[in-house]
Amino acid sequence: MNDLKRIRVAIIGTGNIGTDLCYRMLRDPRFEVVALVGRRADSPGLQMFNNQLEHLISTGIDGLAPFLDEIEGAFDATSAFDHKVHWERLADSRKWMMDLTPSKIGRPIVPVLLGKIPSMTLQEDVSSNYSMVTCGGQSSAPLVYAISSNSVGIKEVEISSSIAALSAGPATRLNIDQYIDSTEALSSLISGCKNVKAILVLNPAEPPVMMRTTVNISVESCDVDQAKISAHSIIAEVQRYVPGYELVVEPHLQSQNTISATVKVTGAGYVLPEYAGNLDIINSAAVETAVLHAAAFRNMVNK
Amino acid sequence: MSNMHLYDVTLRDGNHALRHTLSSQFVKNYCEQADKSGVWAVEVGHGNGLGASSYLVGKSAESDEALLTAARNSLKNTKLAVHSIPGFATIKRDLVPALDLGVDVFRVATHVSEADVSKKHIEFLANKDVIVHGVLMMSHMIDISGLLYQAKLMKSYGASAVILMDSAGYFTPIDVSERVSAIKNEFEIEVGFHAHNNLGLGVGNALSAIQQGASLIDGASMGLGAGAGNAQLENIVAAGTREFSLDSEIYQFLQMSKLVEDSYPDKLPRTTSSSTQSGLAGVFSGYAPQVKAISEEMGLDTNTLWKEMASRKLVAGQESMIREIAQDLMNL
């Protein structure tokens with residue numbers, strides 16, 4: 001397996017996110033998964049891929065070091081703390097990283113907004129770090145864009161997400177403030193509004209609920225009909241890389257000068273169950289960004 | 001009963017009944033009365049706690065800062081307390097300013113099965129010079145061993161007390177007594193109890209909790225609170241003075257309830273057929289208006305809908321699910 005056209009990657013982290021990424025990229029002809037990196041030989045995440053890839057590494061980032069020449073970039077699905085260490089270790093080796101942790105080291109990216117927001121561009125450097133922000137950020141961003149780009153005088157933006165309690169991993173639970181801060185920062189970047197609020201509700205209902213994100217935006221004025229058209233069109237674009245992303249409530253006037261809309265995210269159901277749309281949308285965004293980045297800059301990598 | 005503390009939620013849970021229109025003027029008037037009553041703490045804020053004013057659960061008429069400042073200036077003897085749910089509130093945006101405003105008691109709350117979400121908030125507060133309680137909301141939605149596990153988590157983060165909230169008004173006195181005694185027998189921690197009145201058992205449940213050693217008892221003047229309301233504070237005091245030699249004077253508590261009664265005559269909660277059904281089903285009673293509207297629209301029996309909502313373990317904040325559940329029932 002040394003197909004030059006495939007994007008050669010490593011995945012760091014063998015939890016829910018890492019194994020789901022590995023599973024989906026092993027089935028994706030655009031990628032070659034060279035290594036999966038964990039920290040324990042008995043990690044169930046590593047064992048899931050026995051005999052399926054070249055390097056199953058159980059000694060963390062140190063174990064990946066000898067194989068850096070074989071990859072173009074890495075997906076980091078560990079923790080914000082570990083990502084900082086990993087990024088420093090890879091800094092000299094001209095690799096890109098897709099950061100699925102809330103570290104905020106990299107530039108926030110929502111693939112569908114590339115070229116639509118001035119600050120959201122591919123990084124013109126081989127050793128680039130992209131932050132996938134949060135599930136609330138990825139799921140709300142297209143709506144925030146569709147509504148705010150058709151509005152004047154944005155006064156307030158609110159993003160509220162509910163996710164199945166079973167899909168909220170230990171990192172999200174421990175770092176719920178980080179989730180809120182990162183989601184708010186992204187909404188602010190897209191809308192240009194400083195008055196933003198993000199809310200996360202963990203929902204233990206049974207059967208587990210699909211992720212839902214509602215956006216409320218208070219404005220001086222909004223062309224609601226145009227916002228509806230924009231929402232449908234941007235959602236169709238997102239569906240190219242997140243098939244389970246749907247508009248369940250169109251942008252509408254919720255109360256005087258407040259526009260509201262809701263999306264639902266159903267996961268693709270690879271390793272993660274379908275209700276884990278929150279994790280699916282992050283992984284889908286990372287894969288899409290890697291494809292776009294590699295297409296633009298892999299010539300530099302291969303030099 | 002000098003180690004028993006009455007905890008007044010009128011200005012927080014009551015804000016649900018007022019649809020978050022609570023004013024700093026009323027906070028001032030009420031706190032001036034409460035400060036003379038011997039009540040241990042007064043909790044103030046949005047119904048869903050610090051930082052919860054939002055389109056999702058309702059906008060507050062006044063900011064947390066305005067309400068807390070009014071209370072702080074009027075309380076000399078009674079402690080100032082807040083309710084805070086991680087996911088709505090953050091340390092930096094909400095807890096730090098509340099500390100600066102001089103809040104004495106912080107209650108960090110999660111759904112009963114999600115205590116681990118409170119870790120950073122409780123740990124942060126436990127290192128400050130304040131009292132920190134952990135709150136388990138909708139505490140009927142887990143078995144006793146699960147409850148013990150979640151309560152222990154909160155204790156391990158540094159909470160000095162764990163408060164069991166009967167958010168749906170589902171418990172009977174026996175349920176309360178089993179749960180409070182299970183915690184008291186298992187490990188060393190103060191236990192609190194927060195009743196709702198859906199089945200008319202609020203005060204009885206509060207007395208049952210006291211009997212098993214609960215030392216933080218929540219109540220609201222006139223029961224002003226979400227759904228069918230809370231246990232009436234003045235009635236806990238009246239019954240408590242007889243049953244437990246509670247050393248509180250009823251007179252001042254009646255001044256507080258009269259203030260609420262005169263100020264909000266059309267907002268006082270009561271048990272209704274709908275709140276009884278939701279209490280029996282163990283579903284958050286704030287859903288009553290939606291259940292009524294959707295049932296009527298689809299020609300569905302409200303009781304059937306409440307029961308199905310209960311079997312799906314619906315928690316607060318899931319308004320959008322009710323219609324889906326009703327549609328599923330119609331398609332059976």
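**Figure 1. Helices H5(A) and H8(A) are roughly antiparallel to each other.** Angles over 145 degrees count as roughly antiparallel, those under 35 as roughly parallel, 65 to 115 as roughly perpendicular and the rest as oblique. This is a predicted model, in which local features need pLDDT of at least 70 and side-chain atom pairs count only at pLDDT 80 or more, while totals for chains, interfaces and linings use all residues. Residues are numbered from 1 along each chain as its sequence is written, and chains are lettered from A and ligands numbered from 1 in the order in which they are written. H5 spans residues 135–148 and H8 residues 224–239 of chain A; their axes come within 8 Å and cross at roughly 150°. Axes are lines fitted to C-alpha atoms, for helices over the stretch in contact, with angles from 0 to 180 degrees between N-to-C directions. Helices (H or I, at least four residues) and strands (E, at least two) are DSSP runs, numbered from the N terminus. The crossing of H5(A) and H8(A) is right-handed; a crossing is right-handed if the near helix is turned clockwise from the far one by less than a right angle, and left-handed if anticlockwise. H5(A) contributes A:Pro142, A:Leu143, A:Tyr145, A:Ala146 and A:Ile147, and H8(A) contributes residues including A:Ala227, A:Ser230 and A:Ile234. By class, the contact holds 10 nonpolar, 1 polar and no charged residues. Ala, Val, Leu, Ile, Met, Phe, Trp, Tyr, Cys and Pro count as nonpolar, Asp, Glu, Lys and Arg as charged, and the others, Gly among them, as polar.

**Figure 2. Chain A meets chain B through 22 residues of chain A and 24 residues of chain B.** Contact requires C-beta atoms, placed from the backbone, to lie within 7 Å. On the chain A side, E8 (151–164), H6 (170–174), H7 (176–191), E9 (196–203) and E10 (211–222) each supply at least two residues. The most come from E9(A), with 6 residues. This side has 11 nonpolar, 5 polar and 6 charged residues.

**Figure 3. Helices H8(B) and H9(B) are oblique to each other.** H8 (residues 202–211) and H9 (residues 233–244) of chain B pack at about 40°, with axes 10 Å apart, in a right-handed crossing. B:Val203, B:Ala206, B:Leu207 and B:Ile210 of H8(B) face residues of H9(B), among them B:Ile236, B:Ala239 and B:Phe244, in this contact.

Figure 4. The crossing of H9(B) and H10(B) is left-handed. B:Ile250, B:Phe253, B:Leu254 and B:Ser257 of H10(B) contact residues of H9(B) including B:Leu233 and B:Val237. Here 6 residues are nonpolar, 2 polar and 1 charged.

**Figure 5. B:Thr302 lies in helix H13 (residues 302–311) of chain B.** With 17 C-beta neighbours inside 10 Å, B:Thr302 counts as partly exposed; a residue is buried if 20 or more other C-beta atoms lie within 10 Å of its own, exposed if 12 or fewer, and partly exposed in between, with C-beta atoms placed from the backbone. Leaving aside residues up to four places away in sequence, B:Thr302 touches B:Ser274, B:Gln277, B:Val291, B:Lys292 and B:Ser295. B:Ala326, 24 residues from B:Thr302 in sequence, is 9.7 Å away, C-alpha to C-alpha. In chain B, 58% of the 332 residues are buried.

Key. Contact = placed C-beta atoms within 7 Å.
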